[in-house]
Amino acid sequence: MKTFTNTESLLNNPIRILLVDDSPYFLDAVRDFLHLQTTLSVAGTATEGQDALAQARRLNPDIILLDLNLGQQSGLALIPLFKQHVPKAKIVILTIMLDETYRTAAMQAGADAFVHKTEMSGTLLSTIFGLAEVSAPDVPERKALFESGGQFRTLFENAPIGIGVADLQGNLLAFNDAMLAPGQYSRADIEEMGNVAALYYDPQERTEALALFQQQGFVKGFEVRFRRKDGSPYHAVLSLTRTIFNGGAAVQAMVEDVTERRQAQDAVREAELRYRSLFEQTHDAIFILDLEGRHLAVNQRAADMLEYSLDEIRGLSVRELSAEPEKSSDVLQRLIAGEQFPVYERLFRKKSGGVVSVEINAELVRDARGNPLHIQSAVRDITERKQAEQALQDSQSQLQAIFNSAMDAIVSIDEDQRIVIFNPAAEQMYGCAAVEAIGKSLSRFIPEDIRHRHGDFVRAFGQSNSTQRSMELPALALTCLRANGEAFPSEVSISQSEIDGKKLYTAIVRDITERRRDEESIRRSEDRYRDLVEHIHDLIGTHDLQGNILSINPSASKLLGMDTDTLLKMNLRDLLVPEARIQFNAYLASIQRDGQASGVMLVQTVSGEKRIWEYDNTLRADSDNGPIVRALARDVTDRHQAEEKIRIQLERLTALREIDQTINSTFDIHLSLNALVLHTARLLSVDAVSVLLLDPITNMLEYGAGVGFWTDASKSARVKLGESYAGRAAKEQRIVDIPNLADEPGNMLLTGLLGGEKFVSYYGTPLIVKGRAIGVLEVFHRSVVERDGEWFDFFNTLAGQAAIAIDNAKLFENLQVTNTELINAYEATIEGWSRALDLRDEETEGHTLRVTEKAVELARLMGFSDEELVHVRRGGLLHDIGKMGVADNILLKPASLTETEWTIMRRHPVFAFELLSPIRYLRSAAIDIPYCHHEKWDGTGYPRRLKGEQIPLAARIFSIVDVYDALTSDRPYRAKWTREKTLDYIKSLDGIQFDPQVVKVFLESLL
């Protein structure tokens, strides 16, 4: 391996690299990537092993980049050959496989480094420089690469990753197009930014990158987030090196968008974590073998099953572990040949020499191109299952009849208390399959605290002469465990017998869970009912069919303010308010007829307070008292009051929304105010409502809208600011409330214009906009009514709505007037310009108005809207405005113009455009006609030589009526043409000077 003492030696003697990969596209991509580094040299490439070995001997490279899988050949097999022929070369394995077992296999085979292809751009260069025992090159004296010649400029401009150069302050000096795409910028966007700082999503990341660059003189593979044009972040890998640009120090940056790669890596990493978790935690043994049958990786379960360590088992062949090596080798070859196998059984040999029965599910794993990678198998130890199956088979004939007929669980154990018989009823009772129970200790089904005593009991029973015994001790005999750990009560009887000299203990077990549960349920139900009746806040009791109270709970006493003894002497009818007692007989008849009744009753407490009770009563039979009614009632007074309050609030909110919709849908002040007074009268529950508007000139409040008045007197109201109730409300900007007008001596509402209305109370609130009063909202009532704070708050809210409606309408009205005046001013200006042009060129006097009217009519026939026709009219009036820029000696010359003079004359459309385009009011046809009415359909017109539909439609329409009017009008240099001659001339220019479609409509209209 070369030794590089400094950057200059590295530049003069670059690192030589041999690329080996079976994908030509990958070779090209890596070669282009490495060529961007002047300190690296791709000495050769190869796509298969023999060629790679030949080139390695010939080129003697410093670094070999070797793909893990070369078609039918493994890259791992080439590592020893490379080490033999080019021992000083460093070998870097490249692969898309993320499983760390491949890294381990590669390093064991002799590789010097291992790089994932998905992370190559971020780690490959640092790996190469690290193996070469040099830092990433720092070459401050070299020129920027794109200044070195046309070859690199082409690479710079077409590179698949972003490349840019900035000065030491971060100002961009040059960048390629690949810098634009990830952030969705245009080149103008980047140039406008100027400094690279604007591209960073997080300024802290730029600070960290610059700190690293200042520390070591370069940055390689630094992950940052850049900002897209829309402000969102994207992930990128950033590399920085020093360079020279236009003779000054600069920084060269390479930026690779890795957003999709990051997402893919996250997905792969998550999948790998799930796979590794499954690999490590599964109860099955997992074996991964290469195509020669040697183990690349196994999980801990596999090592434990065969009594090896993980390091011992890796590298062993399948023949060395199999107790049936020939069969295992045959399966291996058939799997490689593409044959698929169902799950099959084999015998494996443990390290100690013992044999274990296993069940195997093996498959051949291929890469993305379909090439074989390795063989993966899931192996399950079925030794215990085999033993259990054998034991079950041995006892089958003995237990068959019992199993088929027994309703209780039958469990037999041997002297070691291991289960040998486990019938279907036992499987269901214990929640455990027989195959999982047989051969296991019975202790798993016995609570831990009594297992010892249970064992003593069985041994004592075995030494007795009894053949059958009931296990009576409750703590010992009547508690069992299900497989999931759940305890359950049981009744157990046990017997003992000898079969083939072996003693068996057989237990008949009955699950009494349901019986115990029923007993406990009854007890708990009684306790709950007693607790419920005594502590519930609702009324619970009974009464007979006449309404006499038979029983009642303590809560009822508290709710009614009476003791229980007093209530037991009363009839339910006595608890109701007087107006509800007449309905009680209907209630008694209903419950006798239907057996059930529910509804609401008004109850009166001992203090006289009225409460709302909701009841749900049921008729029941009672052996002692005959039919009785079981009553359940709840005080819902507070809930009803809350519901009523919510209903009113919702109604008010709905009305406010309706008022808002009315205000927003129209700017007619009368419609808005009429809607307001109608809603106000309904929502505030008043008899009459009026709105008075302030005249800012006279300072008088005048009628605006009203509802609920008996006479029209309110419409004549004129109140001076500061006088009367409304005047005071507006001037003082506060609510004026008179709950009883009779208490106000000399009140004009009782004696003046509204005297006949018989109002009793008055409330007025100012309508305020931006701190000034613009009117008053008044409400009247013909009776005395108490008003709370919520009523006044809503009254103010409605006043605010009225103020908004009035202000919006006035603003819109003022805006309409201003807009109309402005439009009229514009139209007058344009017409003045037109008359000025006609006065300057006496030969064309009247021409402008004629062609404008004809152009508007023809445009209407061509489908122009009324708004578009306005612009056509303006464009027609201004069509020759550009002639103001033509000297009089040319414009008014009686003789023919010279070529030079014609050149000046043909610039008048350009003069028109330059004059009119800054005027924002003029748009579309208003500029198109003066600018383009001399363009021709065949492209020979002026000033821009537009062709066909490139010419705006308004200009195409105007050009034909302009020519028609000019030819049919007298000129000093010729007499006017006849209409027929003019139309023939226009037809002759159809498709040459004029749009054929416009000609067709023009001729049909006979303008």
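The legends below describe an overall view and several close-up views of one predicted model.

Residues are numbered from 1 along each chain as its sequence is written, and side-chain values use heavy atoms, with hydrogens and water left out. Because the model is predicted, local features need pLDDT of at least 70 and side-chain atom pairs count only at pLDDT 80 or more, whereas totals for chains, interfaces and linings use all residues.

**View 1. The protein chain as a whole.** The protein chain has 38 helices and 34 strands, where helices (H or I, at least four residues) and strands (E, at least two) are DSSP runs numbered from the N terminus. Of its 1007 residues, 45% are buried; buried means under 20% relative accessible area, exposed means over 50%, and partly exposed lies in between, with a 1.4 Å probe and protein chains only. The chain exposes about 52,800 Å², of which carbon and sulfur atoms supply 51%, the areas coming from the Shrake-Rupley method with a 1.4 Å probe, and for residues only the protein chains shown count as cover. Among the contacts in the chain with a separation of 6 or more, 52% are between residues 24 or more positions apart, contact meaning heavy atoms within 4.5 Å.

**View 2. Strand 3 and its two partners.** Strand 3 covers residues 63-67, and because five of its five residues are buried, it is largely enclosed by the rest of the structure. Ile63, Leu65 and Asp67 are buried on one side, while Ile64 and Leu66 are buried on the other, which leaves both faces covered. Strand 1 (residues 15-20) runs parallel to strand 3 and is joined to it by four bridges, two strands being paired if DSSP finds at least two bridges between them. Valine 20 has leucine 66 of strand 3 as its bridge partner. Strand 6 (residues 90-95) also runs parallel to strand 3, with five bridges joining the two, and isoleucine 64 has its bridge partner there in isoleucine 91.

**View 3. The surroundings of leucine 34.** Leucine 34 is found in helix 2 (residues 24-35) and counts as buried, at 0% relative accessibility. Not counting residues up to four places away in sequence, leucine 34 touches Ile17, Leu19, Leu40, Val42, Leu65, Leu124, Leu125 and Ile128. Leucine 125 is 91 residues from leucine 34 along the chain, and their C-alpha atoms are separated by 8.2 Å.

View 4. The structure holds 22 aromatic pairs. The rings of phenylalanine 226 and tyrosine 234 have centres 6.0 Å apart and planes at 45°, so this pair is tilted; rings of Phe, Tyr and Trp (its six-membered ring) pair if their centres lie within 6.5 Å, and planes under 30 degrees apart count as stacked, over 60 as edge-to-face and the rest as tilted. Phenylalanine 226 is buried at a relative accessible area of 6%, and tyrosine 234 is buried at 5%. The rings of tryptophan 977 and tyrosine 985 have centres 5.5 Å apart and planes at 90°, so that pair is edge-to-face. Tryptophan 977 counts as partly exposed at 23% relative accessibility, as does tyrosine 985 at 32%. Lysine 981 lies over the face of tryptophan 977, at 4.2 Å from the ring centre; a charge sits over a ring if NZ of Lys or CZ of Arg is within 6 Å of the ring centre and within 35 degrees of the ring normal.

**View 5. The largest nonpolar core.** This core has 28 residues, of which Val691 and Leu767 touch the most other members; a nonpolar core is a set of buried Ala, Val, Leu, Ile, Met, Phe, Trp, Tyr and Cys residues joined through side-chain atoms within 4.5 Å. Among the elements that give two or more residues to this core are strand 29 (688-695), strand 33 (761-769) and helix 29 (789-840), and helix 29 supplies the largest share, nine residues. Leaving aside neighbours within four places in sequence, leucine 767 is in contact with residues including Val691, Ile774, Val776, Leu777 and Ile806.

View 6. Tyrosine 942 and proline 943 are joined by a cis peptide bond, with omega about 10°, and proline 943 lies in the loop between helix 35 (925-932) and helix 36 (953-967). Glutamine 184, in the loop between strand 9 (172-175) and helix 8 (187-193), has a positive phi near 60° and counts as exposed at 52% relative accessibility. Lysine 770, in the loop between strand 33 and strand 34, has a positive phi near 55° and counts as exposed at 74% relative accessibility.
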